[in-house]
Amino acid sequence: MPNLQNKPILSRHVWVIYLLSFLLLGVVWYFQWILGFILTVLLAASFYYSVRTERTLLNETEKYISTMSHRIKKVG
């Protein structure tokens, strides 16, 4: 059974999206610092939500696998 604890918190494609967002945020900061500040707060909130959701999903998946494994052992 694969160990879910060693899985990265976010997938590669999500990291690429956040990296591109960060680069574009730098451009926005250069031209409009007020809008840049607002978008920085929104990007930080989005990142926090993504990490929290991914951790919750991993924990629920691990719990489900553990429960399913216990039920299969009990039947067998």
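These legends describe a predicted model of one protein chain, first as a whole and then in close-up.

Figure 1. The helices are α1, residues 12-31, and α2, residues 33-75. Taken along the principal axes, the C-alpha atoms fill a box of roughly 65 × 20 × 10 Å. The radius of gyration of the protein chain is 19 Å, whereas a compact globule of 76 residues would have a value near 11 Å. Among contacts with a separation of 6 or more, 62% join residues 24 or more positions apart.

**Figure 2. Surface and burial in the protein chain.** The chain exposes about 6800 Å², and carbon and sulfur atoms supply 69% of this area. Of the 76 residues, 13% are buried.

**Figure 3. The largest nonpolar core, made up of 6 residues.** Its members are L10, V14, Y18, L25, L43 and V51. Helices α1 and α2 each supply at least two residues of this core. The largest share, 3 residues, comes from α1.

**Figure 4. The surroundings of Y18.** Y18 has a relative accessibility of 12%, which is under the 20% cut-off, so this residue counts as buried. Leaving aside residues up to four places away in sequence, Y18 touches L43, S46, F47 and S50. One of these, L43, belongs with Y18 to the largest nonpolar core.

**Figure 5. The aromatic pair of Y18 and F47.** The protein chain holds 3 aromatic pairs. In the pair of Y18 and F47, the ring centres are 5.2 Å apart and the planes stand at 90°; because this angle is over 60 degrees, the pair is edge-to-face. Y18 lies in helix α1 and F47 in helix α2, so the pair ties together parts that are 29 residues apart in sequence. F47 has a relative accessibility of 30% and counts as partly exposed, while Y18, at 12%, counts as buried. Ring pairs also bring in W15, giving a cluster of W15, Y18 and F47.

**Figure 6. The aromatic pair of Y30 and F31.** The ring centres of Y30 and F31 lie 5.0 Å apart, and their planes are at 85°, so this pair is edge-to-face. Y30 has a relative accessible area of 67% and is exposed. F31 is exposed as well, with a relative accessible area of 63%. Both values are over the 50% cut-off for exposed residues.

How values were computed. Residues numbered from 1 in each chain as written. Predicted model: local features only at pLDDT ≥ 70, side-chain atom pairs only at ≥ 80, totals over all residues. Heavy atoms only, no water. Core = buried A, V, L, I, M, F, W, Y, C linked by side-chain atoms within 4.5 Å. Buried < 20%, exposed > 50% of the residue type's maximum accessible area, 1.4 Å probe, protein only. Helix = DSSP H or I, 4+ residues; strand = E, 2+ residues; numbered from the N terminus. Contact = heavy atoms within 4.5 Å. Phe/Tyr/Trp six-rings, centres within 6.5 Å; stacked < 30°, edge-to-face > 60°. Rg over C-alpha atoms; globule rule 2.2 N^0.38 Å. Areas by Shrake-Rupley, 256 points an atom, 1.4 Å probe, with all protein chains shown as cover.
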